[in-house]
Amino acid sequence: MDKFIYLDNHATTKIDERVLELMMPFLKDNYGNPSNRDSRFGRIAFEAVEIARQKVAKLINAQIEEIIFTSCATESNNLVLKGFAENNFKKGKHIVTVATEHSSILEVCKKLESFGFEITILNVDKFGRISIEELVSSLRKDTILVSVMMANNEIGTIHPIKKIAKICRDKNIAFHTDASQCGAYLEINSKIIDATFITLSSHKMYGPKGVGALFVNKNHSPKINSQIDGGGQENKMRSGTLNVPAIVGFGKACEIAINEQQSDFERISNLRNQMQNELLKLGEITINGEIENRLPNNLNISIEGIQNTTLLKNVKNLVFSTNSACLSTDISMGKFSHILRAIGLNETEAKSTIRFGLGRFTTKEEIFEAIEILKTEINNIRKNNLVIN
Ligand SMILES: *Cc1c(COP(=O)(O)O)cnc(C)c1O
């Protein structure tokens with residue numbers, strides 16, 4: 001492959017070498033089944049999984065028995081929403097979520113709606129923020145669950161989830177937060193947040209793909225129905241032979257995050273700010289999302305007159321995104337991101353919107369180079385009047 005600058009870390013991240021190294025023996029010689037603890041092979045795998053579980057738990061200050069391994073954040077979101085709804089429908093059929101959630105929340109809610117649940121989808125303002133007053137007034141006697149993501153995967157807006165969790169707790173409503181984008185950068189303290197459920201994804205934090213986790217708060221003792229039944233793994237919540245190498249890698253990724261979260265946050269947000277300030281000098285550029293409460297690696301901008309697909313084509317060795325990788329396929333949602341729509345962008349504005357996701361391996365040199373490439377191309381497109389409308 002040609003040399004490229006990867007600025008698409010919201011879509012997925014490169015696996016950290018330290019993670020890969022720890023995984024390798026479990027892809028080769030340590031291939032035991034962790035459910036088969038009678039064999040030496042099985043025990044080695046079991047112990048590795050439990051060490052990884054400790055590390056994941058530690059990242060979010062949880063107990064090991066509060067961690068369920070899944071195949072990805074999408075599965076965690078499905079498990080928590082469907083599993084909780086199924087188990088609690090006698091208490092109520094009302095669920096509250098937000099217009100800018102990931103499709104693995106919104107599509108599940110749509111399905112639950114078809115089964116007779118009632119879903120309230122909170123709107124956001126142009127910065128992607130929900131209104132706490134609106135949230136409070138949306139809660140009903142029959143509300144069983146509220147799901148609000150910790151930070152948005154397109155515009156980076158960070159929600160006040162501790163506050164929301166408290167509101168829910170006071171009303172005895174379960175609260176779930178999808179923290180898929182946050183593991184590598186933000187403190188996710190399950191004790192302080194006091195959410196009922198938290199979703200994590202390994203491949204968004206320099207771990208391997210194919211593994212995620214759901215935190216289930218022991219103190220809230222929520223009841224959820226498993227969605228994958230069989231051999232009874234993961235405390236009967238998620239059957240199927242565990243993906244040992246991926247789980248080992250995820251554990252390592254969490255351990256690294258614990259140690260490097262803070263320094264990565266500072267370094268990456270500095271680079272992001274530098275890139276943002278340089279690009280703003282081009283004029284007629286708006287930043288999408290919240291400036292202050294934003295993921296440190298997120299830069300989402302609309303560049304007036306520039307078609308994002310044209311720009312992407314012209315800057316071949318720059319990797320960024322013109323839209324969320326996990327767009328809803330539902331035609332009724334339109335052809336552009338439901339997140340950009342929710343913050344009030346029209347189709348033309350959405351088409352001139354690009355998302356950069358910096359990451360742990362982004363260097364200063366790469367950012368300087370990316371700025372130069374973008375400046376040249378944007379000026380070029382503007383000068384040659386290749387602009388839209
Ligand atoms: C990427 C992402 C997901 C889906 O994660 P997978 O592990 O790929 O299934 C869910 N929610 C958010 C906010 C994401 O960014």
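Tutor: Across the interface of domain 1 and domain 2, the rule finds 15 residue pairs in polar contact, both residues being at pLDDT 80 or more. This is a predicted model, in which local features need pLDDT of at least 70 and side-chain atom pairs count only at pLDDT 80 or more, while totals for chains, interfaces and linings use all residues. Residues are numbered from 1 along each chain as its sequence is written, and side-chain values use heavy atoms, with hydrogens and water left out.

Student: What makes a pair a polar contact?
Tutor: The pair must be N or O atoms within 3.5 Å; within protein, one must be able to donate a hydrogen and the other to accept it, and residues adjacent in sequence count only if both atoms are side-chain atoms.

Student: Why is the pairing of Glu290 with Arg129 called a salt bridge?
Tutor: The term requires a side-chain nitrogen of Lys or Arg within 4 Å of a carboxyl oxygen of Asp or Glu; the closest N and O atoms of Glu290 and Arg129 are 3.3 Å apart, so the pair qualifies. Across the interface of domain 1 and domain 2, the rule finds one salt bridge.

Student: Where do the two domains run?
Tutor: Domain 1 covers 5-12 + 262-383 and domain 2 covers 17-255, with bounds from an automatic or database domain assignment.

Student: How many residues are in contact between domain 1 and domain 2?
Tutor: With contact meaning heavy atoms within 4.5 Å, 33 residues of domain 1 touch 32 residues of domain 2.

Student: What area do domain 1 and domain 2 bury between them?
Tutor: About 2,700 Å², 53% of it on carbon and sulfur atoms, where buried area is the accessible area (1.4 Å probe) that two parts lose on being put together, summed over both. Leu295, Ile339 and Arg360 supply 22% of the area that domain 1 buries against domain 2, more than any other three residues.
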